[in-house]
Amino acid sequence: MIKEKGLEAGLAFPTGCSLNNCAAHYTPNAGDTTVLKESDICKIDYGVHINGRIIDCAFTISFDHKFDPLMEAVKEATNAGIKAAGIDVRLCDVGEIIEEVMSSHEVELDGKTYVVKPIRNLSGPQIGQK
């Protein structure tokens, strides 16, 4: 592990560990009795900073294979966004491509079919230099 260097470098914010319908930004505190189960979807959200510049990262993991189609839909949408990104590309255009690819997928869970949709109004920290 890299030792924190105060305001020069270190953790940017508390690590999030969100389960299931909690999309992001939940941080378990001491005394939290939540236990990760095989049937959970877990989102890990973390960030580091160097000289006031923040890098915000996240990933999702699931051990239940019934969620594999959902994970694949999100992976495909993410890759489409990365492919669309570039110089002079508007962020709203990249977002539109991600949403289009994501929404083209359907996932069957427990006998019910759902269209995969992006989460609205979820944002992370500002990443400009502080």
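These are my notebook entries on a predicted model of a protein.

**Entry 1: the layout.** I began with the elements and found 2 helices and 6 strands. Reading from the N terminus, I wrote down the order β-β-β-β-α-α-β-β.

Entry 2: Next I looked up burial: of the 130 residues in the protein, 22% are buried. The exposed surface comes to about 9,800 Å², and carbon and sulfur atoms supply 57% of it. I also checked contacts between residues at least 6 apart in sequence, and 47% of these join residues at least 24 apart.

**Entry 3: a stop at Ala77.** I picked Ala77, which sits in helix H1, residues 68–84. Is Ala77 buried or exposed? Its relative accessible area is 0%, so I noted Ala77 as buried. Beyond its neighbours within four places in sequence, Ala77 touches Ile98, Val101 and Met102. I then took the C-alpha to C-alpha distance from Ala77 to Glu100, and got 8.0 Å for a pair 23 residues apart in sequence.

**Entry 4: the largest pocket.** My last stop was the largest pocket, with about 1,700 Å³ of space. Its lining has 40 residues, and Thr60, Val74, Met102, Ile119 and Leu122 lie nearest the centre. Other elements supplying at least two residues each include strand E3 (41–50), strand E4 (53–62) and helix H2 (91–103). Sorting the lining by type, I got 25 nonpolar, 9 polar and 6 charged residues.

Terms used. Residues are numbered from 1 along each chain as its sequence is written. This is a predicted model: local features need pLDDT of at least 70, side-chain atom pairs count only at pLDDT 80 or more; totals for chains, interfaces and linings use all residues. Side-chain values use heavy atoms; hydrogens and water are left out. Helices (H or I, at least four residues) and strands (E, at least two) are DSSP runs, numbered from the N terminus. Buried means under 20% relative accessible area, exposed over 50%, partly exposed in between (1.4 Å probe, protein chains only). Contact means heavy atoms within 4.5 Å. Accessible areas come from the Shrake-Rupley method with a 1.4 Å probe; for residues, only the protein chains shown count as cover. On a 1 Å grid over the protein atoms alone, a cavity is a set of points where a 1.4 Å probe fits but cannot get out, and a pocket is an open set with protein on both sides within 12 Å along at least five of seven lines; lining residues have an atom within 4 Å of a point. Grid points are joined across faces, edges and corners, and a volume is the space filled by probe spheres set on the points. Ala, Val, Leu, Ile, Met, Phe, Trp, Tyr, Cys and Pro count as nonpolar, Asp, Glu, Lys and Arg as charged, and the others, Gly among them, as polar.
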